[in-house]
Amino acid sequence: MKKIVSSILCGCMAAGLAAGCGEAPGEQQRASLDEGAVSETEKGQESEGIHLKIWHDGDEAIMSTMEKDVNEMLEEEGIRVSFEKKTALTDQLKLYGTDEVNGPDMYFYAHDSLGMLAEMGILAPISDVSDTAALNGELNKMTLEAVEYKDTQYMVPVYFETLLFLYNKGLWEGEVPDSTDELYAYMEAHTDTDAGTYGVVNQHSTAYNVAPFINGFGGFIMDKEGNPGLNQAQTIEAVTYNQKFAALQADGDYNTVTTLFNEGKAAAIIGGPWLVSGIKDAGIDLGIKSLSDFTLPNGKALAPFSGVQGVGVLKQSAESKGDAVEKVLKALASEKVGVDLVVNNNCASANEKVYENSDVAANEMVLNIKKTADTARPMPNIPQMSVMWGPAEAFLAAVNKSNADISAAAEEFQQEAVTAISDIQ
Amino acid sequence: MKKRKIKHSLGLVCLNAVFIIVCFITLVPVLYAFLLSVSDGSSAFAGNLFGSAGHFTLENYKRILTEEPFLLWLKNSVVLSLGTTVLAIGFATTASYAFSRYRFKGRMNILFLLVLLNAFPQILSMFAIFRLFKSFRLLDSNVGLIIVYAGSMCIFSIWNLKGYFDTIPAEIEEASKIDGASDFQMLVRIVLPLARPAIIVTAVMVLIFVWNEYLFATTFLLSGDKYTLAGGLYQLQANDYSRSWSLFTAAAVLVSVPILIIFFCIQKYMVSGLTAGGVKG
Amino acid sequence: MKNRKNAIPWLYSLPAFLLIGIVIVFPIIYTAYISLTNMNLYHWNDFHLIGLGNYKRALLKADSGFLSAVGVTLVWTAVNMGVQMVVAYFIALGLNAEGLKLNRVYKTLLMFPWAMPAYVSILLWKVCMFNTEFGLLNKVVTALGGVKLNYLSENVPAFLACTVLNLWMALPFMIMMIDGALQSVDISLYESAMMEGAGFWQKTFHITLPCIRPIIAPSAIMTVFTTFKQFDIIYLLTKQKGSLTGATLQTIITYAHENAFVSNNYGLSSAVSILIFGIIILFSVFTNRGLREENS
């Protein structure tokens, strides 16, 4: 009998524990439900309008410029957008891309992951929600090319970026040269690794930052059909050429090179417009030169990748909120947003009409990016590219940091890239 | 006798010296981070080892406390870690007591199975849990995360507590059984106080796990104001655009301080109840 | 009557098992299921069962690189566990020395590395210690008149760097466990040993270690697994996207990450996960032998 009683008591204890422990989270749930209810009603009172969520993984200042403009333009229509930051955006989209409850309506990101997301079937073609001919009218050709995957447009380009030659006017001696050989001579004369002072720094083992050399030499990281080109003769030539630069550019890590430049330990850096706010904070008198103004030994200009930042639409909201989505896309492609992005954030707008504006014409940064865009190549946007960065950077790191034999490393990582690409299927 | 005393205090002096050195070595990265966090810009970085550490400023701490929803994140962290700790320790205590005291079929096999299950890398589980929670609408909720965290730490807690329960002599319980105490009373009145150090240690571990976890937090919670400290900080630093090392190190120091305070406070409770009362008495 | 009695431990364990079922068992089963499907980029939402094809591919991929990754993982686990246990033991012993008044302060300070989120510690070390330009190590080296070193560009130094960092991060836990265990050792045992004139090492091997072994064993074994499947340190320190350091150190987990997970081919990477799980089970057969003895 005693045993029966005790066993019942035990059961009670377990249940009690379960109930007792469950209480705390239960309360929270209620609390959060209440909160949810409150904000729902608030929204309801505010307007009958539609709220669109846009996920991004970029600079908050840029996003708030766009958010503010779009909300002003669409206030009367009762449409409100909010830009929400999500780290590891593509990973999050893989999970939440088809989640109507928690997922976003649109996303704002670089164009190079487009193919991957499109193949997953979570993106809607822009033509599903809007007449693309009208929408694209004022937009730059190169950017439109970049956002097309398999002859379908999946994004509306908003602004684009390329690498630039950024230099510290207070440190740079003389004129900035026009050829890479002269640049190297300058680096040799002005680099003292023991003292920690450098002529020009670059993320020398990051594929994106070496691409100007590779593309300029006529090599490629990956061609349009998705074939890796690490063992191409021209790629190897470019990497060999870049190697001697790398030896004078510290360890080439993002944190290292930006800090070196911002602290006045490096006279110049090859970097993108995203570095500018940090440079301004550091109080540096910044000079800018387009990479396409540097010629390689073969007579061609450095040809960086261009990255197009644009907005894509998720399938579920294209179906349920198509009209509102269209209006937001139009607003984001508009001249007003373009001008504000240039003036407030130094972003090179994809809208061609923007460049007729006098404020824009005075923006050295943006004009240099725009100029570089003529020789720049849009990053490939095919899904294969997502596995290509890894082998390409491993190749560069092996050559620049571990003194590997270039041709052998090229073959090794070419093979690795081929395997990685076959693994996608 | 006097000689021995001198020898003993000399030993203590040496020991103290050793510990000061060990602590210093341990704290070097943290001290360096702290130095960075109270200097403006990242000048401490580029400076020499002994010079130009930048000007002293609390600006970075101020910025974190005012510009980021730090206090909100702190609250979320507290809620999540307390919820998880209560749930995980509550469940694990009863389970580990059962595994320690009862002899039943499959007992050892289950214990080993648990160890094996724990070996499955948790990062690989993310996708499956996501699918499951999506159908139960547990995404973007604290309850969901507490379940994930408690489940992740459950096996560890069971093993840890069981190990300690095993060291408590069964005679103590039998004595109280003769006094007419039920299993339940016995567990609460006798076993739990005896196992206090183990329970506290295990609870602290669960707490720290939740406090420092960021992958599930940033994946399963969707809005910035629901993030935990670790998750919010991760979001802050993961951005190449605005990475500021002095800001980051300030946040790192701030995140660690609450745990250290807890540590300092619980230490007096961590003296074993076993040696203090049980066996000797 | 008998049946009821048998049910008691199960009742006690039920809530815990429920949790474990949701968070650990279900994902393993689900991963096993996905490993039998063709879920990848091109079949994201419309995947279907394709049988054992993914396992065949995963096994074909297991080349010499994989074998060396297994080797590195074993060395990594052995080195880290060995050093960790010994160092933690002596520190804990010191903390328990009679008359050490400041032990609470020391203990708290020593716990600092543990109080930081893992990725914060790793980034902190990467930038503040190992960085070639701003790292404290190189600042000391140059202050002493040496040449700047790169700690992460070759495999052996990178392995050591990762080990040091892992020890820094893992030691607080071990110290705390051993410290707790030491306090449960019955002091009277030492007293009688003193009478018999036993020395430090005799006491260590005949009293302290046997006494704390059952308490330490579970956490030691858990730590073995944590060390075995450690990913963050090696990945963030040497392989973070955009800042590869040149070292090509691979453990099983980083190998799998690089060779299967970046591809977004969930079918294939699930098969790899299940195979790794198999390896861990094999590995644990050996460690379990120790546990079984402990519990028999």
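At which residue does α13(B) bend, and by about how many degrees?

## A bent helix in chain B

The model described here is predicted. In it, α13(B) bends by about 25 degrees, and the bend falls at V257(B). A proline follows within four residues, namely P258(B).

The helix α13 of chain B covers residues 245-266, 22 residues in total. From its first C-alpha to its last it reaches 32 Å, close to the 32 Å expected at 1.5 Å a residue.

## The nonpolar cores

The largest nonpolar core holds 145 residues, and the members that touch the most others are C154(B), I158(B) and I178(C). Helix α7 of chain B (residues 142-167) supplies the largest share of this core, with 15 residues. Leaving aside residues up to four places away in sequence, I158(B) touches A92(B), A95(B), S96(B), F99(B) and L114(B), together with A16(C).

## The interface between chains C and B

Contacts between these two chains involve 75 residues of chain C and 83 residues of chain B. On the side of chain C that touches chain B, the elements giving two or more residues include α3 (64-95), α7 (155-183), α9 (200-228) and α12 (266-295) of chain C. The most is given by α1(C), with 18 residues.

Sorted by class, the side of chain C that touches chain B consists of 56 nonpolar, 14 polar and 5 charged residues.

## Chain A and one of its residues

Chain A contains 18 helices and 14 strands. Of its 425 residues, 53% are buried. When contacts in chain A between residues at least 6 apart in sequence are considered, 76% of them join residues at least 24 apart.

One residue of this chain, D91(A), belongs to helix α3 of chain A, which spans residues 89-96.

Methods. Residues are numbered from 1 along each chain as its sequence is written. Chains are lettered from A and ligands numbered from 1 in the order in which they are written. This is a predicted model: local features need pLDDT of at least 70, side-chain atom pairs count only at pLDDT 80 or more; totals for chains, interfaces and linings use all residues. A nonpolar core is a set of buried Ala, Val, Leu, Ile, Met, Phe, Trp, Tyr and Cys residues joined through C-beta atoms within 7 Å. A residue is buried if 20 or more other C-beta atoms lie within 10 Å of its own, exposed if 12 or fewer, and partly exposed in between; C-beta atoms are placed from the backbone. Two residues are in contact if their C-beta atoms, placed from the backbone, lie within 7 Å. Ala, Val, Leu, Ile, Met, Phe, Trp, Tyr, Cys and Pro count as nonpolar, Asp, Glu, Lys and Arg as charged, and the others, Gly among them, as polar. The expected span of a helix is 1.5 Å times one less than its number of residues. The bend at a residue is the angle between axes fitted to the seven residues ending there and the seven starting there.
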